[in-house]
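Subject: Structure handover

Hello,

Here is the structure for you to work with. My notes follow below it.

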Amino acid sequence: ATSTQCCVTMSPMSLTAATSSDEEDDSDSSTKPIRSEKKKNPASLFQTGGDPPKEKKSKKKVPPKGAESEEETPETLQKNSNKKGKAKKSKKKEERPPSPVIEVDNLEEFVLQPAPQGVTVKCRVTRDKKGMDRGLYPTYYLHLDNDKKVFLLAGRKRKKSKTSNYLISIDPTDLSRGGENFIGKLRSNLMGTRFTVFDNGANPDRANADWSNVRQELSAVVYETNVLGFKGPRKMTVIIPGMNADCQRVPIRPRNDNDGLLMRWQNRNMDNVIELHNKAPVWNDETQSYVLNFHGRVTHASVKNFQIVHSSDPDYIVMQFGRVADDAFTMDYNYPLCAVQAFAIALSSFDGKLACE
């Protein structure tokens, strides 16, 4: 059955309009079952060293109970009118499988662990602009998008920082750099077009003898301008550490600024490094707009909406992010990303140099 499960990434013709005049859409914001292609193991796309993933690691051929899988077919790609009353609700709404049961026993461990293979971790990002200075420095909260709405992470831009610098915490009330709940940070370059995501390890200047306490780089994001500046479809490159044979992240602990993910990528030194891109939206003549299929997880047009894929398998959505209300967004991620990586990549899309709202 088809239903209006897709969202345009920007409005017809006037590319800035979608970011300011989003109307509420009554599309069903449930998600369709997400089926990755069975022909290959997506885990192999991200492995950069050691033996191939062992057969026992490939159980995702039979997805866990409640796991969501996604298949993008022309039949499910529908125009999104972004007008009330125009979208037809799918009659299968009640039948959709529940979101996977995600157990978060140890929050700090969970947010740094890669998503289980074969499971889409569905989350919701809310933006809080209320309060004296939150118009300039909103706080962003990440929750699991399920019945329990489990809190995962909070993020906020630091004041008095020369470049955009977001702190990420596992406590919604403690967003201090020195606090024990500090779990990572997102830092931009002066132009605001390149971002690096760190965990909560020490600066290389404060390294111990074996460097074991030095911070890891978890990902980097590069935004490219196009002929319309940032007002057209954005182009994003996401760089992440590769995975080893045990499906764990290869630690990237740069000893100086010339050894980080961005420099490795720039110099095409791709050992233990994976390059991902946003999926290019397709121009739809009928709606006069760019469209991407979000399978109902995104209901509002926005320049911020994106999907991240590996060029070798564009049907496997590593991460997707998009607007569902003025200050609410869905964020879904798959293996090999963890919550901190995905949340930081989402935060980068809000940054002032990029935002067109």
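**What was found**

Lys149 is partly exposed, with a relative accessible area of 45%. This residue sits in the loop between strand S3 (139–144) and strand S4 (151–157), and its phi is positive, about 50 degrees, although Lys149 is not a glycine. Please keep in mind that the model is predicted.

A second residue belongs with this one. Cys247, also not a glycine, has a positive phi of about 60 degrees. Its place is in the loop between strand S9 (235–241) and helix H3 (261–266). Cys247 is buried, at a relative accessible area of 7%. Most residues other than glycine have a negative phi, and most peptide bonds are trans. Pro336 is part of the loop between strand S15 (328–333) and helix H4 (339–348).

**Confidence**

The average pLDDT of the protein chain is 75, and 69% of the residues score at least 70. Residues 1–38 have a pLDDT below 50; the model gives this stretch 139 contacts beyond near neighbours in sequence. Over residues 50–97 the pLDDT also stays under 50, and here the model has 109 contacts beyond four places in sequence.

**Overall figures**

The protein chain has 357 residues, of which 54% are buried. Its secondary structure consists of four helices and 15 strands. Among contacts with a separation of 6 or more, 62% are between residues 24 or more positions apart. The chain exposes about 16800 Å², and carbon and sulfur atoms supply 48% of that area.

**The barrel**

How is the barrel put together, and in what order do its strands come? Twelve strands close into it, in the order S2-S3-S4-S5-S6-S7-S8-S9-S10-S13-S14-S15, with antiparallel pairing. On average, neighbouring strands of this sheet are turned by 20 degrees against each other, direction ignored.

One of the pairings in that order joins strand S10 (residues 273–278) to strand S13 (residues 306–310), antiparallel and over two bridges. In this pairing, His277 stands opposite Val309 in S13.

**Salt bridges**

Side chains of opposite charge can pair when their charged atoms come close. The structure holds seven salt bridges. Three of them are described here.

Lys129 and Asp327 meet through their side chains in a salt bridge, at 3.8 Å from N to O. This pair links distant parts of the chain, 198 residues apart: Lys129 is in the loop between S2 and S3, and Asp327 is in the loop between S14 and S15. Lys129 counts as partly exposed, at 39% relative accessibility. Asp327 is partly exposed as well, with a relative accessible area of 26%.

The side chains of Asp145 and Arg297 form another salt bridge, at 2.9 Å from N to O. Asp145 lies in the loop between S3 and S4, while Arg297 lies in the loop between strand S12 (289–292) and S13, so the pair ties together parts that are 152 residues apart in sequence. Are these two residues buried or exposed? Asp145 is buried, and Arg297 is buried too.

Arg268 forms a salt bridge with Glu275, and their closest N and O atoms are 3.1 Å apart. Arg268 counts as partly exposed, at 49% relative accessibility. Glu275 is partly exposed, with a relative accessible area of 22%. Elsewhere, salt bridges that share partners join Arg127, Lys129 and Asp327 into one network.

Regards

Conventions. Residues numbered from 1 in each chain as written. Predicted model: local features only at pLDDT ≥ 70, side-chain atom pairs only at ≥ 80, totals over all residues. Heavy atoms only, no water. Buried < 20%, exposed > 50% of the residue type's maximum accessible area, 1.4 Å probe, protein only. Pairing = 2+ DSSP bridges. Axes fitted to C-alpha atoms, helices over the stretch in contact; angles between N-to-C directions. pLDDT = per-residue confidence, 0-100. Contact = heavy atoms within 4.5 Å. Areas by Shrake-Rupley, 256 points an atom, 1.4 Å probe, with all protein chains shown as cover. Salt bridge = Lys/Arg side-chain N within 4 Å of Asp/Glu carboxyl O.
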